[in-house]
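This report goes through one protein model, from its sheet to its metal site. Please have the sequence and the coordinates open while reading.

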Amino acid sequence: MAQRTVPVPEYEMAERVELDPRRSALVIVDMQNDFVKEEGKLVVPTAQATVPAIRRLLESARDWGAMVAYTQDTHLPGDPEFPIWGEHCLLGSWGWEIIDELRPEPGELVIEKRRYDGFYGTNLEYDLRVRGIDTLVIVGTVANICVLHTAGSAALRWFNVVLARDGISALSDFDMEATLRQVHFLYRGIITTSDAVTFKG
Ligand code: ZN
């Protein structure tokens, strides 16, 4: 068998990222009970540990008046994703709900999505554009699935993408590193940590 251990290519970690709150949004991907909580149907074991980092960003965005958007994985009975992943995030179920610790406030955008990409078949692009948003700080789960597809889809639309690593959870270290490398290398995103990001007017 061929050697399967490969080094992770270098990518830069930004130490400070100052963002204009009028043009920046925090996008929290799929932090729902089914993915985060022990009793969930498709648990990402490290997701709960990312909650403090996401809360820090959420509080900062709210304090400075930056837009907050959530994606919410949403499926109807018989969804074609179920043969792949099993039933999860069934519309209206407990597992579908966004976790209490990150509960959206009135006026914050919640985007129900069917697929990994938060833009596909949703109003997300429209709702960002009409507010003049050009930069997205993306956190949530799962790194190489909904976070990566949403980040890639944003970058293809020429939004600037910032990933706060400690606010993202993956099913393996490989998936996490592959995601960060891809966003940095291909999408020219900024990779950083939650405490390095400030939304300042
Ligand atoms: Zn799903």
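Which residue in β4 is the bridge partner of Y70? The partner is V110.

## Basis of the values

The model is predicted, and local features need pLDDT of at least 70, side-chain atom pairs count only at pLDDT 80 or more, while totals for chains, interfaces and linings use all residues. Residues are numbered from 1 along each chain as its sequence is written, and side-chain values use heavy atoms, with hydrogens and water left out.

## The sheet

Six strands form an open sheet in the order β4-β3-β2-β5-β6-β7, with parallel pairing. Its edge strands, pairing on one side only, are β4 (109-113) and β7 (190-192). From one strand to the next the twist averages 25°. Strands (E, at least two residues) and helices (H or I, at least four) are DSSP runs numbered from the N terminus, and two strands pair if DSSP finds at least two bridges between them.

Strand β3 (residues 67-73) pairs with β4 over 5 bridges in the parallel sense. The pairing of β2 with β3 is also parallel and has 5 bridges; here A69 in β3 is the bridge partner of V27. Strands β5 (residues 135-141) and β6 (residues 160-169) are joined in parallel over 6 bridges, with V161 in β6 as the bridge partner of L136.

Because 7 of the 7 residues of β3 are buried, this strand is largely enclosed by the rest of the structure. Buried means under 20% relative accessible area, exposed over 50%, and partly exposed in between (1.4 Å probe, protein chains only). Both faces of β3 are covered: one side carries M67, A69, T71 and D73, the other V68, Y70 and Q72, and all are buried.

## Helices and core

Helix α5 lies across β2 (24-29), β4, β5 and β6, and runs at about 165° to β5. Helix α6 (residues 173-185) lies across β6 and β7, at about 170° to β6. Axes are lines fitted to C-alpha atoms, for helices over the stretch in contact, and angles run from 0 to 180 degrees between N-to-C directions.

The largest nonpolar core has 61 residues, of which L26, I28, L102, L128, L136, I138 and L163 touch the most other members. Helix α5 (residues 143-156) gives the most to this core, with 8 residues. Such a core is a set of buried Ala, Val, Leu, Ile, Met, Phe, Trp, Tyr and Cys residues joined through side-chain atoms within 4.5 Å. Neighbours within four places in sequence aside, L163 is in contact (heavy atoms within 4.5 Å) with residues including I138, V147, A151, I168 and L180.

## The zinc site

Four protein donors lie 2.0 to 2.3 Å from the zinc ion: D73 (OD), H75 (NE2), E81 (OE) and H88 (NE2). Their spacing along the chain is D-x1-H-x5-E-x6-H. Donors are N, O and S atoms within 2.8 Å of the metal (3.2 Å for Na, K and Ca); water is not among the atoms, so sites may look incomplete.

The 4 donor atoms subtend angles of 86 to 166°, which makes the arrangement irregular. Four donors count as tetrahedral if all angles lie between 85 and 135 degrees; four count as square planar and six as octahedral if opposite donors are over 155 degrees apart and all others between 65 and 115; anything else is irregular. With a relative accessible area of 0%, H75 is buried, and E81 is buried at 2%.

## The loop at G86

G86 lies in the loop between α3 (82-85) and β4. At 27% relative accessibility, G86 counts as partly exposed. L42 is 44 residues from G86 in sequence and 8.1 Å from G86 in space, C-alpha to C-alpha.
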